[in-house]
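I opened this model to look up a strand, a helix and some loop residues. My entries follow.

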Amino acid sequence: MIKKRLICFLVLFVCLFPALDANASDIAHLGFVEADAILQPSGLAIITYTVRYNLVPGKTMLAFTMDGFERLNPVFDNEFSCVITDDNTSHKINIDNLGGGKYDIVHYGDQRLGGEYLTYKIRFVADMAEAGYLERTVTDDGKKLVVFNWAPVQWDEAMDHYTFTVNYPLEFPDESGTREEVEQFLLERGFSTETWMNETYKIDYRVETLNSIPRVQVLLHKDNPAAMFHFRVQQYIAEDVFYELGETNFPDNNPEY
């Protein structure tokens with residue numbers, strides 16, 4: 001059993017910003033969400049969301065609101081972030097800070113967009129360590145680890161699938177590898193997950209080339225999650241993987257952890 005520090009989760013609530021107070025289901029239905037976290041040795045993370053909304057025939061959409069950034073201070077990549085219509089045309093978006101951890105994702109120029117579906121690409125940088133979602137811990141036998149303990153956006157609708165990939169700052173020795181090879185590579189570096197994660201998600205282990213470096217990736221997948229599904233993640237890895245993490249004392253074996 002792993003002795004853990006106090007665990008906290010970021011829960012983000014997302015809702016459509018409909019016109020004329022119409023119900024969200026009158027405008028669009030959530031199709032799928034695919035999120036990606038590129039973790040840095042310092043505890044910073046580059047987070048990207050790909051969000052598909054399937055529009056009700058004849059309807060148009062203007063915006064939606066993301067809520068729940070209280071403990072993170074996201075720095076959005078406005079050049080990258082956009083909405084793509086079903087004819088593969090990219091349109092600019094504005095990301096407006098409403099305060100209180102809320103952000104409006106609004107089409108540039110208040111342009112309403114229609115078609116079969118809209119695909120949003122949203123990227124930001126945030127300090128996971130500063131927010132307490134990436135921190136040091138220790139096992140009963142004294143092994144020093146870092147725990148990644150977070151939950152990506154919690155949506156107010158059911159969807160076809162929700163996928164979350166975690167890219168560790170860990171270079172794989174080859175340009176590619178089988179699932180078994182990548183898993184063994186991780187295990188040799190202290191990697192583990194909570195039992196409930198294996199029971200809740202489909203999990204795959206991959207190699208993803210980022211900036212010409214083959215990095216280890218853990219893919220988590222959930223088919224047909226219900227509305228308000230809490231995509232909780234709790235994974236451990238050797239502390240030297242995050243070699244730039246700020247100097248923080250490891251917790252002792254005090255029973256409160």
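Which residue in β9 is the bridge partner of Ala-63? I found that Val-106 is the bridge partner.

Before going on I noted that this is a predicted model, in which local features need pLDDT of at least 70 and side-chain atom pairs count only at pLDDT 80 or more, while totals for chains, interfaces and linings use all residues. Residues are numbered from 1 along each chain as its sequence is written, and side-chain values use heavy atoms, with hydrogens and water left out.

Strands. β5 (residues 63–67) and β9 (residues 102–107) pair in the antiparallel sense over 5 bridges; pairing requires at least two DSSP bridges between the strands, and strands (E, at least two residues) and helices (H or I, at least four) are DSSP runs numbered from the N terminus. I then checked the two sides of β5: Ala-63, Thr-65 and Asp-67 point one way, Phe-64 and Met-66 the other, and all are buried (under 20% relative accessible area, with exposed over 50% and partly exposed in between, for a 1.4 Å probe and protein chains only).

Helix. In α2 (residues 179–187) I listed Val-182, Phe-185 and Leu-186 as the buried residues. They cover an arc of only 100° around the axis, so they lie on the same side of α2; the arc is that of the directions from the helix axis to the C-beta atoms. These buried residues pack against β14, β16, β17 and β18, contact meaning heavy atoms within 4.5 Å.

Loops. Asn-88, in the loop between β7 and β8, has a positive phi of about 70° although it is not a glycine, and it is exposed at a relative accessible area of 66%. Met-228, in the loop between β17 and β18, also has a positive phi, near 65°, but at 32% relative accessibility Met-228 counts as partly exposed.
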